[in-house]
Amino acid sequence: MNRPTLSLIAVATALAAVTGFAALSAPEPVEDTAGTAAARLPVERTSLVCPAPSTSDLAETTYTSFTPTTDGADGKGAAALHAVDKKPADDGKADEDGKKDGDKDDGEKTDGEDGGKDGEKAEDEGTDGAKSGGEKADKPVLAPEEPGKPVTADASGGEAPALTGSAEGRFAPGWTVQQTTEVAAGTGRGLQGVSCTAPDTEFWFPGASTDSDRTDYVHLTNPDDSAAVVDIELYGKDGALKTVVADGITVQPNSTEPVLLSTLTEAEQTNVTVHVVVRSGRVGAAVQALDDKLGGDWLAASADPSGSLILPGIPKDATAVRLVLFTPGSTDADLKVRLASPSGPITPAGHETVHVKAGMTTAVDLGDVTRGEAGSLVLTPTGRSVPVVAAVRVLRGKGDAQESAFIPAARPVGARATAAGNTAKGTVLAVTAPEGTAKVKVTASAGSEGGTPEAKTYTIKSGTTQHIEAPVPGGLKGTYALTVEPEPGATPVYASRTLTATDDGVPAFTVQPLPDDRGLVSVPRAREDLSVLQK
(Lines give C-alpha, C1' and ligand atoms only; values in the text may rest on other atoms or scores of the structure.)
Protein backbone atom coordinates (compact mmCIF):
# COMPACT_ATOMS: atom_id res chain seq x y z
CA MET A 1 0.00 0.00 0.00
CA ASN A 2 1.49 3.32 -1.08
CA ARG A 3 1.24 6.08 1.52
CA PRO A 4 1.62 9.75 0.57
CA THR A 5 4.45 11.87 1.95
CA LEU A 6 4.68 15.61 2.52
CA SER A 7 7.27 18.02 1.18
CA LEU A 8 9.54 19.99 3.49
CA ILE A 9 7.45 23.10 2.86
CA ALA A 10 4.29 21.24 3.79
CA VAL A 11 5.96 19.84 6.91
CA ALA A 12 7.08 23.25 8.07
CA THR A 13 3.68 24.72 7.28
CA ALA A 14 1.94 21.98 9.23
CA LEU A 15 4.23 22.42 12.23
CA ALA A 16 3.82 26.17 12.14
CA ALA A 17 0.07 25.73 12.24
CA VAL A 18 0.33 23.36 15.20
CA THR A 19 3.12 24.96 17.22
CA GLY A 20 3.50 28.49 15.96
CA PHE A 21 7.27 28.40 15.63
CA ALA A 22 8.54 26.19 12.80
CA ALA A 23 10.47 28.50 10.52
CA LEU A 24 11.08 27.98 6.82
CA SER A 25 14.83 28.43 6.82
CA ALA A 26 17.87 26.79 5.32
CA PRO A 27 18.04 23.46 7.17
CA GLU A 28 21.03 22.00 8.96
CA PRO A 29 21.00 18.23 8.33
CA VAL A 30 21.18 15.98 11.34
CA GLU A 31 21.39 12.20 10.96
CA ASP A 32 19.12 10.22 13.27
CA THR A 33 19.39 6.61 14.39
CA ALA A 34 17.12 5.39 11.59
CA GLY A 35 19.44 6.77 8.93
CA THR A 36 16.99 9.49 7.87
CA ALA A 37 17.84 13.18 8.06
CA ALA A 38 16.11 15.93 10.01
CA ALA A 39 16.49 19.69 9.85
CA ARG A 40 17.28 21.88 12.85
CA LEU A 41 15.41 25.12 12.29
CA PRO A 42 15.15 28.31 14.40
CA VAL A 43 11.96 28.63 16.43
CA GLU A 44 9.64 31.41 15.34
CA ARG A 45 7.90 32.14 18.63
CA THR A 46 8.51 31.57 22.31
CA SER A 47 7.31 32.93 25.64
CA LEU A 48 8.81 33.60 29.08
CA VAL A 49 7.55 34.28 32.59
CA CYS A 50 9.43 36.15 35.35
CA PRO A 51 8.16 36.01 38.98
CA ALA A 52 7.63 39.12 41.11
CA PRO A 53 11.17 39.75 42.44
CA SER A 54 10.71 40.82 46.07
CA THR A 55 8.44 42.36 48.68
CA SER A 56 11.35 44.14 50.39
CA ASP A 57 11.47 47.94 50.25
CA LEU A 58 15.27 47.57 50.05
CA ALA A 59 15.21 45.44 46.90
CA GLU A 60 17.03 46.61 43.78
CA THR A 61 16.23 44.52 40.70
CA THR A 62 17.82 44.42 37.26
CA TYR A 63 16.18 42.65 34.31
CA THR A 64 18.31 41.73 31.30
CA SER A 65 16.90 40.52 27.98
CA PHE A 66 19.07 38.93 25.30
CA THR A 67 18.66 36.94 22.09
CA PRO A 68 21.78 35.38 20.54
CA THR A 69 22.30 35.73 16.83
CA THR A 70 21.07 32.55 15.12
CA ASP A 71 21.80 31.57 11.52
CA GLY A 72 18.65 31.12 9.46
CA ALA A 73 16.39 33.09 11.80
CA ASP A 74 13.64 35.27 10.35
CA GLY A 75 14.85 38.79 9.57
CA LYS A 76 11.86 40.38 11.26
CA GLY A 77 10.20 40.10 14.64
CA ALA A 78 10.12 41.61 18.13
CA ALA A 79 10.33 40.69 21.81
CA ALA A 80 8.77 42.39 24.82
CA LEU A 81 8.05 41.80 28.49
CA HIS A 82 5.07 43.41 30.21
CA ALA A 83 3.93 43.67 33.80
CA VAL A 84 1.10 41.49 35.07
CA ASP A 85 -1.18 41.95 38.06
CA LYS A 86 0.49 41.08 41.34
CA LYS A 87 -2.87 39.92 42.64
CA PRO A 88 -5.74 38.24 40.77
CA ALA A 89 -7.91 40.50 38.62
CA ASP A 90 -10.84 39.72 40.96
CA ASP A 91 -11.22 37.95 44.29
CA GLY A 92 -11.41 34.59 42.48
CA LYS A 93 -10.48 31.54 44.51
CA ALA A 94 -7.29 32.68 46.16
CA ASP A 95 -6.45 35.23 48.83
CA GLU A 96 -3.11 36.99 49.27
CA ASP A 97 -1.53 33.86 50.74
CA GLY A 98 -2.61 31.72 47.83
CA LYS A 99 -5.54 30.16 49.74
CA LYS A 100 -8.56 28.96 47.85
CA ASP A 101 -11.98 30.16 49.08
CA GLY A 102 -14.16 28.74 46.34
CA ASP A 103 -15.02 25.34 45.04
CA LYS A 104 -12.42 23.08 43.48
CA ASP A 105 -12.23 23.14 39.72
CA ASP A 106 -13.53 19.93 38.19
CA GLY A 107 -10.97 19.85 35.40
CA GLU A 108 -8.68 16.87 35.17
CA LYS A 109 -4.93 17.03 35.77
CA THR A 110 -2.66 17.22 32.79
CA ASP A 111 0.31 14.93 32.52
CA GLY A 112 2.84 17.68 31.73
CA GLU A 113 4.23 15.88 28.68
CA ASP A 114 3.36 18.75 26.35
CA GLY A 115 4.55 21.54 28.61
CA GLY A 116 7.57 22.51 26.52
CA LYS A 117 10.40 21.65 28.96
CA ASP A 118 12.58 20.35 26.16
CA GLY A 119 12.12 23.46 24.09
CA GLU A 120 10.70 21.65 21.08
CA LYS A 121 7.22 22.76 22.15
CA ALA A 122 8.05 26.28 23.24
CA GLU A 123 5.04 27.67 21.46
CA ASP A 124 2.93 30.49 22.84
CA GLU A 125 -0.35 28.98 21.58
CA GLY A 126 -1.53 32.33 20.33
CA THR A 127 -1.34 34.18 23.65
CA ASP A 128 0.05 37.67 23.71
CA GLY A 129 1.74 37.34 27.09
CA ALA A 130 2.01 41.13 27.18
CA LYS A 131 -1.00 42.05 29.24
CA SER A 132 -1.80 43.22 32.74
CA GLY A 133 -4.99 42.14 34.48
CA GLY A 134 -6.63 41.24 31.18
CA GLU A 135 -5.73 44.56 29.53
CA LYS A 136 -2.77 45.07 27.25
CA ALA A 137 0.00 47.04 28.89
CA ASP A 138 0.68 50.49 27.41
CA LYS A 139 4.44 50.14 27.44
CA PRO A 140 6.73 47.11 27.72
CA VAL A 141 9.10 46.91 30.66
CA LEU A 142 11.82 45.47 28.44
CA ALA A 143 12.04 45.36 24.62
CA PRO A 144 15.36 44.53 22.89
CA GLU A 145 16.20 46.32 19.66
CA GLU A 146 18.45 43.74 17.98
CA PRO A 147 19.74 40.20 18.52
CA GLY A 148 23.27 39.97 19.89
CA LYS A 149 22.97 42.97 22.21
CA PRO A 150 21.38 42.80 25.68
CA VAL A 151 19.06 45.44 27.08
CA THR A 152 18.38 46.13 30.76
CA ALA A 153 15.73 47.68 32.97
CA ASP A 154 15.78 48.45 36.70
CA ALA A 155 13.15 48.41 39.43
CA SER A 156 13.34 49.44 43.09
CA GLY A 157 11.36 48.39 46.15
CA GLY A 158 8.85 45.69 46.85
CA GLU A 159 6.21 46.58 44.28
CA ALA A 160 8.07 45.40 41.18
CA PRO A 161 5.65 43.17 39.26
CA ALA A 162 5.93 39.76 37.66
CA LEU A 163 6.54 39.90 33.91
CA THR A 164 5.33 37.86 30.97
CA GLY A 165 6.15 38.22 27.32
CA SER A 166 6.80 36.67 23.98
CA ALA A 167 9.41 36.86 21.23
CA GLU A 168 8.84 36.34 17.52
CA GLY A 169 10.95 36.03 14.39
CA ARG A 170 14.64 36.80 14.80
CA PHE A 171 14.19 37.51 18.53
CA ALA A 172 12.71 34.09 19.37
CA PRO A 173 15.62 31.60 19.01
CA GLY A 174 17.37 31.40 22.39
CA TRP A 175 15.54 34.38 23.93
CA THR A 176 16.78 34.62 27.54
CA VAL A 177 15.84 36.94 30.40
CA GLN A 178 17.69 37.17 33.72
CA GLN A 179 16.19 38.72 36.85
CA THR A 180 18.71 39.62 39.57
CA THR A 181 17.72 41.29 42.84
CA GLU A 182 19.95 42.62 45.60
CA VAL A 183 18.38 42.94 49.05
CA ALA A 184 20.56 44.91 51.46
CA ALA A 185 19.13 43.62 54.76
CA GLY A 186 16.38 41.59 56.38
CA THR A 187 15.02 38.12 55.68
CA GLY A 188 16.45 36.82 52.42
CA ARG A 189 19.14 39.50 52.20
CA GLY A 190 21.80 39.04 49.52
CA LEU A 191 21.60 38.23 45.81
CA GLN A 192 18.49 36.54 44.44
CA GLY A 193 18.73 35.49 40.80
CA VAL A 194 16.45 33.57 38.47
CA SER A 195 16.32 32.86 34.76
CA CYS A 196 12.82 33.57 33.50
CA THR A 197 11.24 30.35 32.25
CA ALA A 198 8.76 29.12 29.68
CA PRO A 199 5.28 28.40 31.11
CA ASP A 200 4.62 24.73 31.71
CA THR A 201 2.27 22.25 33.38
CA GLU A 202 4.43 20.41 35.94
CA PHE A 203 7.33 21.38 38.22
CA TRP A 204 9.39 19.66 40.95
CA PHE A 205 11.15 21.68 43.69
CA PRO A 206 13.19 19.56 46.13
CA GLY A 207 14.87 21.79 48.73
CA ALA A 208 11.98 24.00 49.84
CA SER A 209 11.02 24.31 53.54
CA THR A 210 8.15 25.04 55.91
CA ASP A 211 10.48 25.52 58.89
CA SER A 212 9.97 28.52 61.15
CA ASP A 213 13.30 30.05 60.04
CA ARG A 214 12.24 29.97 56.38
CA THR A 215 9.69 31.98 54.44
CA ASP A 216 9.21 30.07 51.19
CA TYR A 217 6.78 31.10 48.47
CA VAL A 218 5.94 29.27 45.29
CA HIS A 219 5.20 31.93 42.68
CA LEU A 220 2.59 30.97 40.07
CA THR A 221 2.33 33.28 37.06
CA ASN A 222 -0.30 32.85 34.35
CA PRO A 223 0.62 34.47 31.00
CA ASP A 224 -2.59 33.50 29.20
CA ASP A 225 -6.03 34.97 28.65
CA SER A 226 -7.84 32.21 30.54
CA ALA A 227 -7.53 31.14 34.18
CA ALA A 228 -5.17 28.34 35.21
CA VAL A 229 -6.02 25.81 37.93
CA VAL A 230 -3.09 24.48 39.96
CA ASP A 231 -2.55 21.79 42.59
CA ILE A 232 0.39 21.96 45.02
CA GLU A 233 1.64 18.77 46.69
CA LEU A 234 4.12 18.82 49.59
CA TYR A 235 6.34 15.87 50.60
CA GLY A 236 8.40 15.70 53.78
CA LYS A 237 10.71 13.17 55.41
CA ASP A 238 7.84 10.76 56.14
CA GLY A 239 5.87 11.20 52.92
CA ALA A 240 3.03 13.43 51.76
CA LEU A 241 2.19 16.30 54.12
CA LYS A 242 -1.40 16.97 55.05
CA THR A 243 -2.32 20.20 53.32
CA VAL A 244 -5.22 22.63 53.26
CA VAL A 245 -6.40 24.66 50.25
CA ALA A 246 -3.53 23.32 48.12
CA ASP A 247 -5.80 21.84 45.46
CA GLY A 248 -7.62 23.80 42.82
CA ILE A 249 -5.80 27.12 43.29
CA THR A 250 -7.01 29.46 40.57
CA VAL A 251 -4.51 31.81 38.98
CA GLN A 252 -6.46 34.48 37.13
CA PRO A 253 -5.58 35.44 33.52
CA ASN A 254 -2.47 37.58 33.12
CA SER A 255 -1.74 37.61 36.84
CA THR A 256 0.61 36.16 39.44
CA GLU A 257 -0.07 34.42 42.74
CA PRO A 258 2.62 33.99 45.45
CA VAL A 259 1.65 31.06 47.71
CA LEU A 260 3.28 30.91 51.15
CA LEU A 261 4.07 27.23 51.74
CA SER A 262 3.64 27.42 55.51
CA THR A 263 -0.02 28.36 55.01
CA LEU A 264 -0.67 25.09 53.19
CA THR A 265 0.32 22.79 56.07
CA GLU A 266 0.73 22.83 59.84
CA ALA A 267 3.82 20.61 59.60
CA GLU A 268 7.16 22.36 60.11
CA GLN A 269 9.73 20.52 58.01
CA THR A 270 13.27 21.60 57.22
CA ASN A 271 13.36 19.84 53.85
CA VAL A 272 10.29 19.65 51.64
CA THR A 273 9.70 18.69 48.03
CA VAL A 274 7.09 20.79 46.23
CA HIS A 275 5.22 19.34 43.27
CA VAL A 276 3.23 21.82 41.16
CA VAL A 277 0.70 20.28 38.77
CA VAL A 278 -1.43 22.41 36.44
CA ARG A 279 -4.74 20.73 35.71
CA SER A 280 -5.93 23.41 33.27
CA GLY A 281 -3.95 26.11 31.48
CA ARG A 282 -0.24 26.64 32.14
CA VAL A 283 1.88 28.76 34.47
CA GLY A 284 5.43 29.75 35.22
CA ALA A 285 6.57 28.53 38.64
CA ALA A 286 9.56 29.20 40.89
CA VAL A 287 10.19 28.95 44.65
CA GLN A 288 11.55 31.95 46.52
CA ALA A 289 13.37 30.60 49.59
CA LEU A 290 14.06 33.25 52.23
CA ASP A 291 15.95 32.49 55.45
CA ASP A 292 16.03 34.65 58.58
CA LYS A 293 19.79 34.18 59.04
CA LEU A 294 21.19 32.66 55.83
CA GLY A 295 19.94 35.06 53.18
CA GLY A 296 17.90 33.68 50.32
CA ASP A 297 17.63 32.90 46.65
CA TRP A 298 15.33 31.46 44.03
CA LEU A 299 15.00 27.69 43.78
CA ALA A 300 14.42 26.80 40.13
CA ALA A 301 12.66 23.59 39.14
CA SER A 302 14.68 20.40 39.01
CA ALA A 303 15.19 18.60 35.74
CA ASP A 304 12.53 15.96 35.06
CA PRO A 305 12.72 12.81 37.22
CA SER A 306 15.60 10.66 35.98
CA GLY A 307 17.77 7.77 37.14
CA SER A 308 20.94 9.87 36.73
CA LEU A 309 21.25 13.56 37.62
CA ILE A 310 23.90 16.30 37.36
CA LEU A 311 24.01 19.32 39.70
CA PRO A 312 26.64 21.65 38.19
CA GLY A 313 28.65 24.45 39.73
CA ILE A 314 29.17 24.09 43.50
CA PRO A 315 31.60 26.90 44.45
CA LYS A 316 35.05 25.95 45.72
CA ASP A 317 34.57 27.97 48.93
CA ALA A 318 31.25 26.33 49.84
CA THR A 319 31.20 25.82 53.63
CA ALA A 320 28.14 23.54 53.68
CA VAL A 321 26.26 21.59 51.01
CA ARG A 322 22.93 19.87 51.62
CA LEU A 323 21.63 17.43 49.01
CA VAL A 324 17.83 17.02 48.91
CA LEU A 325 16.25 14.22 46.86
CA PHE A 326 12.81 12.79 46.12
CA THR A 327 11.58 9.87 44.05
CA PRO A 328 7.96 10.23 42.90
CA GLY A 329 7.34 6.56 42.15
CA SER A 330 6.61 3.59 44.39
CA THR A 331 10.16 2.16 44.30
CA ASP A 332 13.09 3.20 46.49
CA ALA A 333 16.19 4.56 44.77
CA ASP A 334 19.85 3.91 45.56
CA LEU A 335 22.36 6.31 44.06
CA LYS A 336 26.12 6.65 43.86
CA VAL A 337 27.35 10.12 44.84
CA ARG A 338 30.41 11.56 43.12
CA LEU A 339 31.92 15.02 42.88
CA ALA A 340 33.26 15.90 39.44
CA SER A 341 36.21 18.07 40.53
CA PRO A 342 38.76 19.91 38.35
CA SER A 343 41.08 16.89 38.63
CA GLY A 344 38.50 14.15 38.18
CA PRO A 345 35.73 12.23 39.99
CA ILE A 346 35.89 12.10 43.80
CA THR A 347 33.72 9.99 46.09
CA PRO A 348 32.79 11.95 49.25
CA ALA A 349 33.99 10.07 52.33
CA GLY A 350 31.04 8.71 54.28
CA HIS A 351 28.59 9.60 51.52
CA GLU A 352 29.45 7.09 48.84
CA THR A 353 25.77 6.25 48.29
CA VAL A 354 22.37 7.62 49.27
CA HIS A 355 19.12 5.70 49.77
CA VAL A 356 15.93 7.53 48.78
CA LYS A 357 12.69 6.06 50.08
CA ALA A 358 9.77 6.21 47.64
CA GLY A 359 7.48 9.19 48.20
CA MET A 360 9.67 10.68 50.94
CA THR A 361 12.06 13.63 50.89
CA THR A 362 15.63 12.63 51.75
CA ALA A 363 18.29 15.14 52.85
CA VAL A 364 22.03 14.49 53.18
CA ASP A 365 24.45 17.03 54.66
CA LEU A 366 27.67 16.74 52.67
CA GLY A 367 29.52 19.45 54.62
CA ASP A 368 32.36 21.19 52.79
CA VAL A 369 32.37 18.51 50.13
CA THR A 370 34.34 20.59 47.62
CA ARG A 371 37.31 21.10 50.02
CA GLY A 372 38.58 24.07 48.08
CA GLU A 373 38.00 22.58 44.62
CA ALA A 374 34.86 23.63 42.79
CA GLY A 375 32.82 20.79 41.38
CA SER A 376 29.53 19.27 40.28
CA LEU A 377 27.55 16.48 41.93
CA VAL A 378 26.98 13.43 39.75
CA LEU A 379 24.24 11.01 40.87
CA THR A 380 23.97 7.61 39.18
CA PRO A 381 22.04 4.44 40.10
CA THR A 382 23.85 1.69 42.00
CA GLY A 383 21.67 -0.88 40.26
CA ARG A 384 18.15 -0.49 39.00
CA SER A 385 17.46 2.98 37.60
CA VAL A 386 14.66 4.78 39.48
CA PRO A 387 13.55 8.34 38.52
CA VAL A 388 14.62 10.97 41.07
CA VAL A 389 14.58 14.78 41.37
CA ALA A 390 17.24 16.65 43.35
CA ALA A 391 18.71 20.00 44.38
CA VAL A 392 21.44 21.25 46.69
CA ARG A 393 21.47 24.18 49.08
CA VAL A 394 24.93 25.73 49.22
CA LEU A 395 26.29 28.02 51.95
CA ARG A 396 29.23 30.40 51.67
CA GLY A 397 30.78 32.37 54.52
CA LYS A 398 30.85 31.74 58.28
CA GLY A 399 28.97 32.78 61.39
CA ASP A 400 26.65 35.72 60.86
CA ALA A 401 28.16 36.38 57.41
CA GLN A 402 26.66 33.39 55.61
CA GLU A 403 24.71 33.37 52.38
CA SER A 404 22.70 30.60 50.71
CA ALA A 405 21.88 29.63 47.14
CA PHE A 406 20.36 26.63 45.39
CA ILE A 407 21.44 24.43 42.48
CA PRO A 408 18.80 22.07 41.07
CA ALA A 409 19.52 19.07 38.91
CA ALA A 410 20.12 20.46 35.43
CA ARG A 411 19.21 19.52 31.89
CA PRO A 412 22.08 19.32 29.36
CA VAL A 413 23.40 22.38 27.56
CA GLY A 414 22.33 20.75 24.28
CA ALA A 415 23.15 22.76 21.18
CA ARG A 416 23.54 26.06 23.01
CA ALA A 417 22.86 27.61 26.41
CA THR A 418 22.58 31.33 27.15
CA ALA A 419 23.13 33.32 30.36
CA ALA A 420 22.21 37.01 30.53
CA GLY A 421 22.98 39.66 33.14
CA ASN A 422 26.72 39.07 33.53
CA THR A 423 29.12 41.68 34.91
CA ALA A 424 32.82 42.33 34.33
CA LYS A 425 33.67 41.04 37.82
CA GLY A 426 32.00 38.29 39.78
CA THR A 427 30.83 36.06 36.89
CA VAL A 428 31.97 32.43 36.84
CA LEU A 429 30.93 29.57 34.57
CA ALA A 430 31.02 25.94 35.65
CA VAL A 431 31.06 23.35 32.88
CA THR A 432 31.16 19.59 33.43
CA ALA A 433 31.34 16.63 31.04
CA PRO A 434 30.60 13.54 33.14
CA GLU A 435 30.63 11.00 30.30
CA GLY A 436 33.55 12.02 28.08
CA THR A 437 35.87 14.84 27.03
CA ALA A 438 34.16 17.75 25.27
CA LYS A 439 35.09 21.07 23.72
CA VAL A 440 32.87 24.10 24.25
CA LYS A 441 32.94 27.57 22.76
CA VAL A 442 32.06 30.36 25.17
CA THR A 443 31.08 33.69 23.59
CA ALA A 444 30.69 36.98 25.42
CA SER A 445 28.20 39.25 23.65
CA ALA A 446 28.44 42.97 23.11
CA GLY A 447 27.70 44.97 26.26
CA SER A 448 24.33 46.56 26.93
CA GLU A 449 25.95 49.99 26.67
CA GLY A 450 28.93 49.16 24.46
CA GLY A 451 31.70 46.66 23.82
CA THR A 452 32.75 44.08 21.25
CA PRO A 453 32.09 40.31 21.47
CA GLU A 454 34.84 37.92 22.55
CA ALA A 455 34.97 34.11 22.22
CA LYS A 456 37.17 31.36 23.67
CA THR A 457 37.17 27.57 23.34
CA TYR A 458 37.74 25.30 26.33
CA THR A 459 38.41 21.56 26.64
CA ILE A 460 36.49 19.86 29.46
CA LYS A 461 38.13 16.56 30.37
CA SER A 462 35.94 13.55 31.02
CA GLY A 463 34.58 13.39 34.58
CA THR A 464 35.80 16.89 35.52
CA THR A 465 34.30 20.29 36.18
CA GLN A 466 36.05 23.37 34.90
CA HIS A 467 35.28 26.70 36.52
CA ILE A 468 35.83 29.39 33.93
CA GLU A 469 36.42 33.04 34.63
CA ALA A 470 34.04 34.13 31.92
CA PRO A 471 35.42 36.04 28.92
CA VAL A 472 34.50 39.71 28.91
CA PRO A 473 33.64 41.83 25.84
CA GLY A 474 36.32 44.23 24.71
CA GLY A 475 35.63 47.75 25.99
CA LEU A 476 32.63 46.51 28.01
CA LYS A 477 30.06 49.00 29.19
CA GLY A 478 27.05 47.73 31.12
CA THR A 479 26.19 44.02 31.37
CA TYR A 480 26.62 41.27 28.80
CA ALA A 481 25.44 37.77 27.89
CA LEU A 482 27.30 34.48 27.56
CA THR A 483 26.57 31.59 25.23
CA VAL A 484 27.96 28.08 25.73
CA GLU A 485 28.12 25.89 22.61
CA PRO A 486 29.51 22.34 22.69
CA GLU A 487 31.00 20.97 19.50
CA PRO A 488 28.35 19.19 17.39
CA GLY A 489 28.07 15.56 18.35
CA ALA A 490 29.94 16.08 21.63
CA THR A 491 29.23 14.09 24.77
CA PRO A 492 26.56 15.68 27.01
CA VAL A 493 27.71 18.83 28.77
CA TYR A 494 26.13 20.51 31.81
CA ALA A 495 26.76 24.05 33.01
CA SER A 496 25.80 26.78 35.45
CA ARG A 497 26.59 30.45 35.91
CA THR A 498 27.39 32.05 39.28
CA LEU A 499 27.10 35.77 40.06
CA THR A 500 28.89 37.00 43.18
CA ALA A 501 29.07 40.21 45.21
CA THR A 502 30.26 41.13 48.69
CA ASP A 503 28.11 43.38 50.86
CA ASP A 504 29.31 44.26 54.39
CA GLY A 505 31.44 41.13 54.47
CA VAL A 506 28.62 38.80 53.38
CA PRO A 507 29.61 36.71 50.32
CA ALA A 508 26.36 37.09 48.36
CA PHE A 509 25.90 34.81 45.35
CA THR A 510 23.33 33.22 43.09
CA VAL A 511 23.62 30.24 40.72
CA GLN A 512 21.58 29.50 37.59
CA PRO A 513 21.79 26.22 35.63
CA LEU A 514 22.25 26.62 31.88
CA PRO A 515 20.02 24.22 29.92
CA ASP A 516 19.52 24.35 26.16
CA ASP A 517 18.14 27.78 25.25
CA ARG A 518 15.39 26.35 23.01
CA GLY A 519 16.71 28.12 19.93
CA LEU A 520 16.25 25.27 17.43
CA VAL A 521 13.61 22.66 16.72
CA SER A 522 13.94 19.42 14.74
CA VAL A 523 11.77 19.20 11.62
CA PRO A 524 11.53 15.97 9.57
CA ARG A 525 12.84 16.11 6.02
CA ALA A 526 10.76 15.52 2.90
CA ARG A 527 11.45 11.79 2.73
CA GLU A 528 10.05 11.27 6.25
CA ASP A 529 6.67 9.52 6.11
CA LEU A 530 4.22 11.93 7.73
CA SER A 531 0.97 10.31 6.70
CA VAL A 532 0.02 10.29 10.38
CA LEU A 533 -0.59 14.03 10.08
CA GLN A 534 -3.29 13.36 7.51
CA LYS A 535 -5.35 11.07 9.71
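The side chains of R416 and D517 form a salt bridge, at 2.6 Å from N to O; a salt bridge here is a side-chain nitrogen of Lys or Arg within 4 Å of a carboxyl oxygen of Asp or Glu. Keep in mind that this is a predicted model, where local features need pLDDT of at least 70, side-chain atom pairs count only at pLDDT 80 or more, and totals for chains, interfaces and linings use all residues. Residues are numbered from 1 along each chain as its sequence is written, and side-chain values use heavy atoms, with hydrogens and water left out.

**Exercise 1.** Work out which parts of the chain the pair R416 and D517 ties together.

*Solution.* Start with R416, which sits in the loop between β29 and β30 (417-422). Strands are DSSP runs (E, at least two residues), numbered from the N terminus. Now check burial: R416 and D517 are both buried (buried means under 20% relative accessible area, exposed over 50%, partly exposed in between, with a 1.4 Å probe and protein chains only).

**Exercise 2.** Find the salt-bridge partners of R396 and E403.

*Solution.* Take E403 first: its side chain meets that of R189 in a salt bridge (2.9 Å, N to O). R189 lies in the loop between β10 (176-183) and β11 (190-195), so this pair links parts 214 residues apart in sequence. E403 is buried at 0% relative accessible area, and R189 is buried at 14%.

Now R396: its partner is D317, with the closest N and O atoms 2.9 Å apart. R396 is in β28 and D317 in the loop between β21 (309-314) and β22 (318-326), so the pair ties together parts 79 residues apart in sequence. R396 is buried at 12%, while D317 counts as partly exposed at 37% relative accessibility.

**Exercise 3.** State how many salt bridges a search of the whole structure finds.

*Solution.* The search finds 9, including R416 with D517.

Key
Helix = DSSP H or I, 4+ residues; strand = E, 2+ residues; numbered from the N terminus.
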